[in-house]
Amino acid sequence: MNHISWNTTKRCNLYCKHCYRECGPNELDSDELSTKEGKTLLEEIYKAGFRIIVFSGGEPLMRNDIFELIEYASSLGMTTLMGSNGTLITKECAEKLKNYGLKSIAISIDSLNPIKHNNFRGSSTAFQKALEGAQNCIDVGINVQINCTITKENLNELDKIMNFASTFGASSCHMLFLVQVGRGKNLGETYLNKDEYKKAIHTIIDKNLDIRIKPTCAPQYKVESLLKGIKSYGGIRGCIAGISYCSILPNGDIHICPYAPVKVASVREESFDSIWHNNDIFCKLRDFKNYKGKCGNCKYINICGGCRARAFNHSGDWLDEDPYCLL
């Protein structure tokens, strides 16, 4: 289903090594969309046909009006989700999120070793507070999705982390493959090579748990699961950038996805619904004849699509082939 990721702020109480938005405690909010602009944006998103909104950041709980925005999106009939580091979610905060209409929240656990997670997230208390925040959400009836950013540092923990998500009480677990963008550009030494990438994909798609497990930023998983006869990974295309998904920055700029800094337009200059339906960049992404290299000649273009973020970060062309093609 179509959904939007709105990076509501660049402010964050943590300073994560891989942050694609380069957020942190010292970021200012002077250029963020105002509450009024945010509500107008939500109306335009709904008008464009979207029914799912993900409030992200930075840390969205750093916005003073985040509860008001969640409530307004809910009043429009949208399903409200959040991406958070979890560390600010006290019991009172979780209850408030529930009361204002939040349905689900994604909280990151990048290692079951607290020291490794804390080092990655830039705080000595990040691991414990993330777990407490996740538990507080579960306790009030908010669905929790455990996210994990995969690097060489935690490659041998994937199975354990997925098991942990299931036993912890999460409703799903998304395994995110690091894309070298933002501060992630500085993590080249921990970036997976193609063999590790393929092995990680198979570790995830072969996993059989009672919760939904999904590779993210790894569209090749669609083809790999198809070739193995795994039917649970059917449905939408691997890379949905500009197809059924896009990212909105704190200042209202629209990017094709959070990990590909390809500016499409600004909601301060044109309504989102008009941009979504008519913008040339989106139209090119939806016409697979525009894709280049191996992706353009691939019979699985409508199933996988190649990662547009990796293509852009590799060659500067968001229509180019994905350098991590596994075929």
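Me: Which residue of β5 is the bridge partner of Ser 104?
Reply: The bridge partner of Ser 104 is Asn 143 in β5. This is a predicted model, in which local features need pLDDT of at least 70 and side-chain atom pairs count only at pLDDT 80 or more, while totals for chains, interfaces and linings use all residues. Residues are numbered from 1 along each chain as its sequence is written, and side-chain values use heavy atoms, with hydrogens and water left out.

Me: Why are β4 and β5 said to pair?
Reply: Two strands pair if DSSP finds at least two bridges between them. β4 (residues 102-108) and β5 have 5 bridges, in the parallel sense, and therefore pair. Strands here are DSSP runs (E, at least two residues), and helices likewise (H or I, at least four), numbered from the N terminus.

Me: What makes β7 and β10 edge strands?
Reply: The open sheet has 10 strands in the order β7-β6-β5-β4-β3-β2-β1-β8-β9-β10, with mixed pairing. β7 and β10 (260-266) each pair on one side only.

Me: Which residues of α6 are called buried, and why?
Reply: Buried means under 20% relative accessible area (1.4 Å probe, protein chains only). In α6 (residues 158-168), Leu 158, Ile 161, Met 162, Phe 164, Ala 165, Ser 166 and Phe 168 are buried, so each of them falls under that 20% limit.

Me: What covers these buried residues of α6?
Reply: Contact means heavy atoms within 4.5 Å. The cover includes α5 (126-140), β5 (143-150), β6 (172-177), α7 (194-205) and β7 (212-216).

Key: Buried means under 20% relative accessible area, exposed over 50%, partly exposed in between (1.4 Å probe, protein chains only).
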